[in-house]
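These are my notebook entries on one model, kept in the order in which I looked things up. I began with the ligand site and then turned to the rest of the chain.

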Amino acid sequence: MTYHIRGTDYGSHSSSGVSSVFPREVSIREVCAALARKWKTPDLGNKDDPLDEIVYLVLAGRTREQAYRDGYTKLKARFPNWGMVLDAGPKELEELISGGGLEEIKAAKIWDLMAYLAETPQGIDLSHLKGKKRDFVLEYLLKLPGVGLKNALCVMIYSLNMDAFPADANVIRICKSMGWIPTQWGHKKSQRVLAELVPDEIGRILHVNMVVHGRLICRPANPQCSQCVIKGYCAYGRRSMVGD
Ligand code: SF4
């Protein structure tokens, strides 16, 4: 089977669509180790509290890092208790996070989430998920308005000390370049398959270091393949080196 990456189509796949391009587990572990040596799994500002983390993730969507960090700081200063959001209303939220983009959508998402939680027996608080079983937690998080699989897995790794592999745009872009998944897949399908593909216990480390790698080296335009510590594993990197 032949396949191409970065904007071109894969060739034939198996009936499942992917089995013939999946990497071996040992390669995934080696990539994880190489990225961890390079980037040392830094703190990306994620939150210990699961509800704080969801708000942080909502703000981070398609927004520059400094803008969403600033937006979160402003929100937290104004609403030390998230229940206060409901008294303020979405318009004030929108003003507080202005400058990051998509303010109206993000403010509505945060307000809807707090309104939903206010009606639950536990109220506006997700700390009751700590120590619960993984399947229960995932199912619970996915029922929350505005929380998809990627953000649910992020909450699990960052705030609930659970193993998982969330795949944001950086992670998916790198995995496609590596040849781990087909380029034409959308984010939802990519996330679903990658969450199965990566061994749970290395998921957090691989996720964090891929996010950093995607921001600094494997950028959407003009990836710096010559400086990349995982180019030996990467289909796109190997081809670009041959072309040098
Ligand atoms: S070799 Fe290039 S395309 Fe592949 S992961 Fe590294 S920077 Fe990205």
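Entry 1, ligand shell. I looked up which helices line the ligand in this predicted model. Helix 9 (169–178) and helix 12 (235–243) each supply at least two residues of the shell around the ligand. I counted 13 residues around the ligand, and the closest are Cys218, Cys225, Cys228, Cys234 and Gly237. Sorted by class, the shell holds 9 nonpolar, 3 polar and 1 charged residues.

I next examined Met178, which lies in helix 9. Is Met178 buried or exposed? I record Met178 as buried, because 23 other C-beta atoms lie within 10 Å and the threshold is 20 or more. Setting aside residues up to four places away in sequence, I found that Met178 touches Tyr233, Cys234 and Ala235. Cys234 is also listed among the closest residues to the ligand. I also checked the spacing from Met178 to Lys231: these residues are 53 apart along the chain, and their C-alpha atoms are separated by 8.3 Å.

I find 12 helices and 0 strands in the protein chain. The C-alpha atoms fill a box of roughly 60 × 35 × 30 Å along the principal axes. I compared the radius of gyration, 19 Å, with the value near 18 Å that a compact globule of 244 residues would have, and the two agree. Buried residues account for 38% of the 244 residues. Of the contacts between residues at least 6 apart in sequence, I note that 64% join residues at least 24 apart.

How is the protein chain divided? I noted domain 1 (19–42 + 165–243) and domain 2 (50–159). Their C-alpha centres lie 27 Å apart. The contact takes 10 residues from domain 1 and 5 residues from domain 2. On the side of domain 1 that touches domain 2, the elements giving two or more residues are helix 10 (187–197) and helix 11 (200–216). By class, I recorded 4 nonpolar, 3 polar and 3 charged residues on that side.

I then looked up the largest nonpolar core, which has 64 residues. Those with the most contacts inside this core are Val55, Leu59, Ile110, Val155, Met156 and Cys175. Helix 2 gives the most to the core, with 8 residues. Where does the core lie relative to domain 1 and domain 2? Both domains give residues to the core, so I place it between them. For Cys175, leaving aside neighbours within four places in sequence, I listed contacts with Ala167, Trp180, Ile181 and Leu194.

Ala60 is in helix 2. I count Ala60 as buried, because it has 23 C-beta neighbours inside 10 Å. Phe79, by contrast with a helical position, lies in the loop between helix 3 (65–78) and helix 4 (84–88). I found Phe79 buried, with 20 other C-beta atoms within 10 Å. Beyond neighbours within four places in sequence, Phe79 is in contact with Met84 and Val85. I also noted that Phe79 and Ala108, 29 residues apart along the chain, have C-alpha atoms separated by 16 Å.

I looked for positive phi in residues other than glycine, and I record two cases here, Lys40 and Leu102. Phi of Lys40 is near 60°. Lys40 sits in the loop between helix 1 (25–39) and helix 2 (50–60). Lys40 is exposed, because 11 other C-beta atoms lie within 10 Å and the limit for exposure is 12 or fewer. Phi of Leu102 is near 55°. I located Leu102 in the loop between helix 5 (90–96) and helix 6 (103–118). With 14 other C-beta atoms within 10 Å, Leu102 is partly exposed.

Note on methods. Residues numbered from 1 in each chain as written. Predicted model: local features only at pLDDT ≥ 70, side-chain atom pairs only at ≥ 80, totals over all residues. Near = placed C-beta within 6 Å. Helix = DSSP H or I, 4+ residues; strand = E, 2+ residues; numbered from the N terminus. Nonpolar A, V, L, I, M, F, W, Y, C, P; charged D, E, K, R; others polar. Domains from an automatic or database assignment. Contact = placed C-beta atoms within 7 Å. Rg over C-alpha atoms; globule rule 2.2 N^0.38 Å. Core = buried A, V, L, I, M, F, W, Y, C linked by C-beta atoms within 7 Å.
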